[in-house]
Amino acid sequence: MAKYHVNELTKDAFGAVADKRNSLWLSRTILRSPCGPTTLPTALKRHLSTSCRRCDVDTAAKFVGASLATIGVGGSGLGIGTVFGALIIGYARNPTLKQQIFSYAILGFALSEAMGLFSLMMAFLMLFAF
């Protein structure tokens, strides 16, 4: 059975002896350095990147807001269907007012479509402008 020296058993991956004296020296130099803990030796730096919680919450809020804003597009589709359904019923009841009913239907279609486009515009603004 081979005998090992205590220092060989306690060496870490960087070759430094891990005893209390060296770790205390390292912690004192980090605390005393003028730039703070960012001046760690390159061997001791960890490459771990995370995002802040506020950014994640803001991103989630943008997605939720945009998805809620697109509900108006579905409402626009329902409005257009209702307008043209009423147009067909109006034609069936009174065919002599065809031209006037059609102009009212086009006006209703335009207003309903505009509301859908406004809600879609708000969804895109929430996603890409803020």
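Met-115, Phe-118, Met-121, Met-122, Leu-125 and Phe-130 make a nonpolar surface patch of about 650 Å². The model is predicted. Met-121 counts as partly exposed because its relative accessibility is 43%, and partly exposed lies between the buried limit of under 20% and the exposed limit of over 50%.

Helix α5 also has buried residues: Ile-101, Ala-105, Gly-108, Ser-112, Gly-116, Ser-119 and Ala-123. An α-helix has 3.6 residues a turn, so residues three or four places apart point the same way. The cover over the buried residues of α5 includes α3 and α4, the latter being residues 71–93.

The length of α5 can be checked. Its 31 residues should span 45 Å at 1.5 Å a residue, and the end C-alpha atoms are 44 Å apart, so the two values agree.

Helix α3 covers residues 53–69 and contains Asp-58. Asp-58 is partly exposed, with a relative accessible area of 38%. Between Asp-58 and Phe-130, a member of the patch, there are 72 residues of separation in sequence and 9.5 Å in space, C-alpha to C-alpha.

An unreviewed UniProt entry carries the annotation "transmembrane region" for residues 68–92 and 104–129. The table gives the computed values for these spans.

| Span | Helix | Strand | Distance between end C-alpha atoms |
|---|---|---|---|
| Residues 68–92 | 96% helix | 0% strand | 38 Å |
| Residues 104–129 | 96% helix | 0% strand | 36 Å |

Note on methods: Residues numbered from 1 in each chain as written. Predicted model: local features only at pLDDT ≥ 70, side-chain atom pairs only at ≥ 80, totals over all residues. Heavy atoms only, no water. Patch = residues over 30% accessible without salt bridge, like charges linked within 9 Å, V, L, I, M, F, W, Y side chains within 5 Å. Areas by Shrake-Rupley, 256 points an atom, 1.4 Å probe, with all protein chains shown as cover. Salt bridge = Lys/Arg side-chain N within 4 Å of Asp/Glu carboxyl O. Buried < 20%, exposed > 50% of the residue type's maximum accessible area, 1.4 Å probe, protein only. Helix = DSSP H or I, 4+ residues; strand = E, 2+ residues; numbered from the N terminus. Expected span 1.5 Å × (residues − 1). Contact = heavy atoms within 4.5 Å. UniProt positions renumbered as here; feature names shortened; annotations may be inferred.
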